[in-house]
Amino acid sequence: MGENIKVSILVPCYNSEKYIDKCINSILHQTLDDVEIICINDGSTDNTLKVLQNFEKNNPKIRVVDKKNSGYGASLNLGFSISKGEYIGIVESDDFIENTMYELLYDNAKKYDLDISRCCFNYYYSDECIKEEHFDFIEKNKVFRPVDNLSIFFQMPSLWCSIYKKNFLEKNNIKFLETPGASYQDLSFCFKVYFWAERYMQINKCLLNYRQTNDSSSVKSKGKVFCVNKEWEEIFKTVKKDAVSYDKIKNILPIIQLNNYRWNYIRIDKKYKDEKDCQEKENEVYLQLSKALRPQPYGRMLWNTIYR
């Protein structure tokens, strides 16, 4: 494979043997040439590594990196450091993508000199049950700077819907937090890329299938319950580095934070919640979000997205 790689596709893997075959095959069938596929095995205890190594033997585009378990953020930071592509994409090992995804994103990235080129996605429950997610309050097919169009900060992180210019990430020193065993590590990463990006565009095509039937994706570990706090510490460190951009975004930060905590509270396993207090807290958050969103641009659309 040549060195003129257009997109490096990172696939962080941990105990993914049930889904990894479909994931990798969907990447191999991309219509975009000149991609590399870097699979980072994060100390899996099932047959994930064996499956990945079989793929590697039969396709020169695939590179498998095996390491001790150190978490999602550490896996992706390692992938960043060894990637050779002009742009970087991420596919999680239980998801799968449409054949034209990276060709469409890369063509737009080159045509419009984008820092971030993004698509929409499907909630995938089964072949018979797929729900499209377009985030209708986000303007499509238009280049803009996220801090000048704040609606972008209200969509869920979904970092796997985008490709990121590698020198943009390096210039702004954008990496994942590497809290061992942590969840939510996409949160601060996505905030940082939006905060620093100068040129962003999103197309209105659902090109990634986000699997909803993986039982391991919810927060079942007590040690992960408060990891979202670390992500928000990182976000507040970031906004302090640019006073002008902070001034543009400061009024919506509490709204984003409140909604984010609500969403992550829902994901936490019931055994870590006070069930008697759950409904009361939910009602309180509901009222506060309603008051906060009412005066915002796209307020009604945002509200319908949060409480659909």
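This is a predicted model: local features need pLDDT of at least 70, side-chain atom pairs count only at pLDDT 80 or more; totals for chains, interfaces and linings use all residues.
Leaving aside neighbours within four places in sequence, Tyr 210 is in contact with Asp 95, Phe 121, Asn 122, Tyr 123, Tyr 124, Met 156 and Trp 160. Glu 92 is 118 residues away from Tyr 210 in sequence, yet the two C-alpha atoms are 8.7 Å apart in space.

**Close-up B. Helix α4 and its buried side.**
Helix α4 covers residues 101-112, which makes 12 residues. From the first C-alpha to the last, α4 reaches 17 Å, close to the 16 Å expected at 1.5 Å a residue. Buried residues in α4 are Met 101, Tyr 102, Leu 105, Tyr 106, Asn 108 and Ala 109. These residues lie on the same side of α4, because they cover an arc of only 160° around the axis. An α-helix has 3.6 residues a turn, so residues three or four places apart point the same way. After α4 comes Asp 113, which has a positive phi, near 50°.

**Close-up C. Strand β8 between its partners β4 and β6.**
Strand β8 is covered on both faces. Ser 162 and Tyr 164 are buried on one side, and Ile 163 and Lys 165 are buried on the other. In a regular strand the side chains alternate between the two faces of the sheet. Three bridges pair β8 with β4 in the antiparallel sense. Strand β6 also runs antiparallel to β8, again joined by three bridges. Tyr 164 takes part in both pairings: Tyr 164 is the bridge partner of Ile 88, and Ile 116 stands opposite Tyr 164.

Setting aside sequence neighbours within four places, Phe 153 is in contact with Pro 146, Val 147, Phe 191, Tyr 194, Phe 195, Ile 249, Ile 252 and Ile 256. In soluble globular proteins, nonpolar side chains tend to be buried together.

**Close-up E. The salt bridge between Lys 22 and Asp 127.**
The side chains of Lys 22 and Asp 127 meet at 3.9 Å, N to O. Lys 22 lies in helix α1 (residues 20-28) and Asp 127 in the loop between β6 (116-126) and β7 (129-133), so the pair ties together parts that are 105 residues apart in sequence. Lys 22 is partly exposed, with a relative accessible area of 37%, whereas Asp 127 is exposed at 55%.

**Close-up F. Further salt bridges.**
The whole structure holds 10 salt bridges. Side chains of opposite charge can pair when their charged atoms come close. One of the salt bridges joins Lys 142 to Glu 139 at 3.7 Å, N to O. Both ends of this pair are partly exposed, Lys 142 with a relative accessible area of 41% and Glu 139 at 33% relative accessibility. Another links Asp 247 and Lys 250, whose closest N and O atoms are 2.9 Å apart. Here too the residues are partly exposed, at 46% for Asp 247 and 35% for Lys 250. A network of salt bridges links Arg 145, Asp 148, Glu 198 and Lys 248.

**Close-up G. Thr 48 in helix α2.**
Helix α2 spans residues 48-58 and contains Thr 48. Thr 48 is buried, with a relative accessible area of 0%. Not counting residues up to four places away in sequence, Thr 48 touches Cys 13, Asn 15, Ser 16, Glu 17 and Asn 41.

Key: Residues are numbered from 1 along each chain as its sequence is written. Side-chain values use heavy atoms; hydrogens and water are left out. A salt bridge is a side-chain nitrogen of Lys or Arg within 4 Å of a carboxyl oxygen of Asp or Glu. Helices (H or I, at least four residues) and strands (E, at least two) are DSSP runs, numbered from the N terminus. Buried means under 20% relative accessible area, exposed over 50%, partly exposed in between (1.4 Å probe, protein chains only). The expected span of a helix is 1.5 Å times one less than its number of residues. The arc is that of the directions from the helix axis to the C-beta atoms. Two strands pair if DSSP finds at least two bridges between them. Contact means heavy atoms within 4.5 Å.
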